[in-house]
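Subject: Two-chain model, handover and findings

Hi,

Please load it first, then read the notes below it.

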Amino acid sequence: MSEDFIVPEKSGAEILIDTLIEQGVDTVFGYPGGAVLPIYDALFQHKKIRHVLVRHEAGAAHAAEGYARSTGKPGVVLVTSGPGATNAVTGIADAFMDSIPLIVLTGQVATNLIGSDAFQEADTVGITRHCSKHNYLVKDPADLASTVREAFAIATKGRPGPVVIDIPKNVQVATTSTHVKRATSSRFNPAGEADYAEINRAVELLANAKAPILYTGGGIINSGSDASAALRELAELCGAPVTSTLMGLGAYPASGDAWLGMLGMHGTYEANMAMNQCDVMLCLGARFDDRVTGRLDAFSPDSIKIHIDIDRSSINKTVRVDLPIVADVGAAIRQMIEVWKGRKYKAAALDDWWARIKGWRAVDCLSYPGSTQEIMPQYAIERLFAATKDKSPIITTEVGQHQMWAAQHFHFDAPNKWLTSGGLGTMGYGLPAAVGAQMGNPDALVIDIAGEASIQMNIQEMATATQYRLPVKVFILNNEWMGMVRQWQELTYESRFSESYSDSLPDFVALAEAYGWKGIRCSDPAKLDDAIAEMLAYDGPVMFDCRVHKTSNCFPMIPSGAAHTDMILHSDEVSGTMDDEAKALV
Amino acid sequence: MHIKQELTERHVLTLTVDNEAGTLARIAGMFTSRGYNIDSLTVADISEDHTTSRITIVTRGPPPVIDQIIAQCERLIPVHKVTDLTEAGPHVERELALVKVRGTGDQRVEAMRLADIYRARVIDATVNSFIFEITGGPDKIDTFVALMREVGLVEVGRTGIVGLMRGAEGS
Ligand SMILES: Cc1ncc(C[n+]2csc(CCOP(=O)(O)OP(=O)(O)O)c2C)c(N)n1
Ligand SMILES: [Mg+2]
C-alpha cells in the first residue's frame, strides 16, 4: 500500500520542525518540559519558526486560537506531556466547539514507558479523543512527516478543528532515513460544491419568499473572506434581512442596510422576531445552537428552512429542515449567486416584510438607562467602538455580560475581527487570544473586552505580552460581580447571590504596572472618552479598569427554554423565579 | 420535574473503518460521550492487506437520533462508510452463542432434545454437562437461552451481531 521515501538520516524532532516549516508554520505557542526537550533543542537551531513562550499551556492553546481566527491560518501549540497536555485541554475543547484549526503537539513519555504510570505520563490521546477533530500517537519517527501533513489537512479542511499529535520522547530522539507514505485515498474528503439541483431549489424558494431571512454563522468566516464577500452579494441580490450568530459577526457588515443584529438569547428584538415570523429561512454555516433557537417547538414555526453546512452532522441535529445541503458554504453561496443571475431572478417585493421589521426595530431593544454619575457598561462599549472603529480593531472577549454587551454594541464590518469563545464559553480566553491575534497581526489594534472575574483566569499571559512587546489593550468592564451569574441568580433564584461576588479584587492598575504595562482607571462617564484616548495613544500594553454600574443586566434576553417571542426587554419584566424545567436548562 | 423517555427503534449499522490503533475507542467512546446506546458491537479485520475493519453496531434510538448517530460516525476520520442495514432493506443478521448447561437424567435428555430442535451443535460434553454452539438471529438465540435456563444453564457467551445486505450488491 505505501511506498516509502528514502531521505537523509534525521531525528524525529528535526523531521517535525522540517515538516512544520514545509507546512508554512512561522509561529508556535508553547511551553517546554522534559518530554519535549528534543523538540525545543531542534527549535533552537531553526530560526525560521518564532516560538512564543506563554505562561500557562491553556494560554498557548487560546493564543493559537486567536492567531488562527484572526489570520485564517492554523494555530500551532507545543506542550510537554502530562500536566502540559492536560493544561492545554480546555483550549483544545474550545477550538473543537468553535471549529478553529489547531495543531497541538504534545510530548509523551518514551514508548516503552507508556502505560507504566511513568513520571508526567497522561493518556493524552485518550483525554483528547472526544474534544479534538482527530488525534494521533506517533510511535515511529518514519511516520512523523506524513502524520503532520495529514494533521494539517484534517485541521484546516472541511469543518476546521484541533488535531492533537502526541509524540513520545524516544520518537523525537530516534533517527530514521525513511518516511512512510500514508494512503490518504478516501480517508478524508470534505464536502465542496453543492449539488445544482439543490441550489436551484434553494434559489427558487428564496426568490419567491415574502418574508425571507439569512441566518448566518461562523461557518462563513471559516470558509474564508471570499465567503463573506459572496454573502454580501447574495443579500444584495435577494434583498433579505441578515442576522448572525455570535460566531458569525463580521461576515455581513453591521453597517449594511440589511443587518438586523445578532440573534439568539441576547440577540436583538428585530432579529429574533424576524426569525420567528419569516417564511423562508436560509441558514448559512450556523448550527441551530440552543442559545439561538430558544424553545425548540416554538422556533420559527411556519418557515421553510434551508440549511447549508459543510458538516452533515450539524444538519437536522436539533431542528428538522426542509432542504438540507451539505457543502462548503462559500462555494454554495457563489453557486446561488450564479443561478440567481443566470435565471435573471428579481428580488421579490419585500416592502411589507421590511415594514414589519421597521416596527420591530422601533422597539429600540438595545436602549438602556443612561447615567451621568456612573459609567453604564453598554455606554463604555459604545464609546470604545466610537473611538476605535476607524482603526478596524480586532476584538477578543472573555465570557459573561461584557461579552454579550460587546456583541450587541460593538459593530463589525469585516470577518476575522471578532474572537470570542462561543461554544464552550471559556472564561480566560480573551487575553491569550489577544496575544495570539497580535502576534499574527503586528500592526493591528487588538483589544480584549474583559470582565474583572474572567481576566483573572489567564492573567499570567500579561507577561507574555510584555516579553514580546505586544501592545494589546485589556478593557475590563469591572462591575465587581460575575455579572452573568448574578443576572441569572436575580432572574431565576430570587436574587440569592450565591458566590457570585468578585471579592478581593486586585488593584488592576498596580497589577498592570507590576507586569510592565500601563494601567488606567476610570469611573466617571465624563472622563471616559479621554481615558480611552489615553489608552489608544499608548504604544504598549494597557490594562484599563473601567468601573461600571455594578448591577446592570444584559437585555434583551430570551430566558433559557423560552420562545423567541417571549423576550425580556427590560428589567421591570423580570419575575425572579423559574420553574424546574427552565432551571434544568443551562 | 421528571426525566422524559422517548420511543426508540432498533437499527443495525455497519461501518467500514481504518484498522488502526484507537479506532474502536473513538467509535465506542463517541457513543458514550453523546449518550447513544450500544446493544452490541463486533469488529474484525476484513481486508487482505489488514488495513480495513468492519464494525457492526446494534443501536437504539428515536429516528432523528439514529440519523445523528450515522452522521456523527461519518464525521470520524477513520470511518469510511456507514450503512444502516435496517433502513437499507432486506438483510441478514447472525450471531453465535456458546451455551453451557449442567444436569443429569431427564434434564440432560431435555437439553439435548431442545438443542436438536434449535439446531445447536454439541461442542463439549462431560457426564453432567454440555456446551452447545448455536448461530442464528438474535431472537432465536434469546429463546434458546431462555429454554436452557429451565434445564440447568451455567453460562452463555455471545458474539454480538454481524450483518450483510441480501442480494448480489455490497453495502
Ligand atoms: C472557565 C469558566 N468557569 C465558569 C464559567 C461560568 N461563568 C459564565 S459567565 C461567569 C461570570 C463572568 O464574570 P466576569 O468576567 O466579571 O464578567 P461579567 O459577566 O461580570 O461581565 C461565569 C462564572 C465559565 N463560563 N467559564
Ligand atoms: Mg464582572
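Is Arg10(B) buried, partly exposed or exposed? Arg10(B) has a relative accessible area of 29%, so it counts as partly exposed. Keep in mind throughout that this is a predicted model.

**Salt bridges in chain B**

Arg10(B) has a salt-bridge partner, Glu93(B), with the closest N and O atoms 2.8 Å apart. The pair links distant parts of the chain. Arg10(B) sits in strand E1 (residues 9-18) of chain B, and Glu93(B) in strand E5 (residues 91-102) of chain B. They are 83 residues apart. Glu93(B) is buried, because its relative accessible area of 13% is under the 20% cut-off.

A second bridge in chain B joins Asp142(B) and Arg158(B). Here the closest N and O atoms are 2.7 Å apart. Asp142(B) belongs to helix H5 (residues 138-150) of chain B and Arg158(B) to strand E8 (residues 153-158) of chain B, so the bridge ties together parts 16 residues apart in sequence. Asp142(B) is partly exposed at 39% relative accessible area. Arg158(B) is partly exposed too, at 38%.

**Salt bridges in chain A**

Over all chains, the structure holds 29 salt bridges. One of them pairs Lys341(A) with Glu233(A), with 2.6 Å between the closest N and O atoms. Lys341(A) is in helix H13 (residues 329-342) of chain A and Glu233(A) in helix H10 (residues 225-238) of chain A, so this pair ties together parts 108 residues apart in sequence. Both ends are partly exposed: Lys341(A) has 48% relative accessibility, and Glu233(A) has 32%.

**Overall build of chain B**

Chain B has five helices and nine strands. Their order along the sequence is β-α-β-β-α-β-α-β-α-β-β-α-β-β. The C-alpha trace spans about 55 × 55 × 30 Å along its principal axes. Of the 171 residues of chain B, 41% count as buried. Take the contacts in chain B with a separation of 6 or more: 72% of them come from residues 24 or more positions apart.

UniProt, in an unreviewed entry, places the feature "domain: ACT" at residues 12-87 of chain B. That span is 36% helix and 38% strand. Its end C-alpha atoms lie 9 Å apart.

**The interface**

The area buried between the two chains is about 1900 Å². Carbon and sulfur atoms give 48% of that area.

Three salt bridges are counted between chain A and chain B. A salt bridge of 3.8 Å, N to O, brings together the side chains of Asp67(B) and Arg312(A).

Ser313(A) deserves a look. It sits in the loop between strand E13 (304-309) and strand E14 (323-326) of chain A. Leaving out residues up to four places away in sequence, Ser313(A) touches Gln68(B), Ala71(B), Gln72(B) and Arg75(B). Ser313(A) counts as buried, at 1% relative accessibility. Its side chain also makes a polar contact of 2.9 Å with the side chain of Asp311(A).

Asp140(A) lies in the loop between E6 and helix H6 (141-156) of chain A. Asp140(A) is partly exposed, with 34% relative accessibility. A polar atom of its side chain lies 2.9 Å from the backbone nitrogen of Ala142(A).

Then there is helix H2 (residues 37-45) of chain A. Its buried residues are Pro38(A), Ile39(A), Tyr40(A), Ala42(A) and Leu43(A). These pack against several elements of chain A, including helix H1 (12-22), strand E2 (27-30) and strand E7 (162-168).

Best wishes

Technical notes: Residues are numbered from 1 along each chain as its sequence is written. Chains are lettered from A and ligands numbered from 1 in the order in which they are written. This is a predicted model: local features need pLDDT of at least 70, side-chain atom pairs count only at pLDDT 80 or more; totals for chains, interfaces and linings use all residues. Side-chain values use heavy atoms; hydrogens and water are left out. Buried area is the accessible area (1.4 Å probe) that two parts lose on being put together, summed over both. A salt bridge is a side-chain nitrogen of Lys or Arg within 4 Å of a carboxyl oxygen of Asp or Glu. UniProt positions are given in the numbering used here, feature names are shortened, and annotations may be inferred rather than shown by experiment. Helices (H or I, at least four residues) and strands (E, at least two) are DSSP runs, numbered from the N terminus. Buried means under 20% relative accessible area, exposed over 50%, partly exposed in between (1.4 Å probe, protein chains only). A polar contact is a pair of N or O atoms within 3.5 Å; within protein, one must be able to donate a hydrogen and the other to accept it, and residues adjacent in sequence count only if both atoms are side-chain atoms. Contact means heavy atoms within 4.5 Å.
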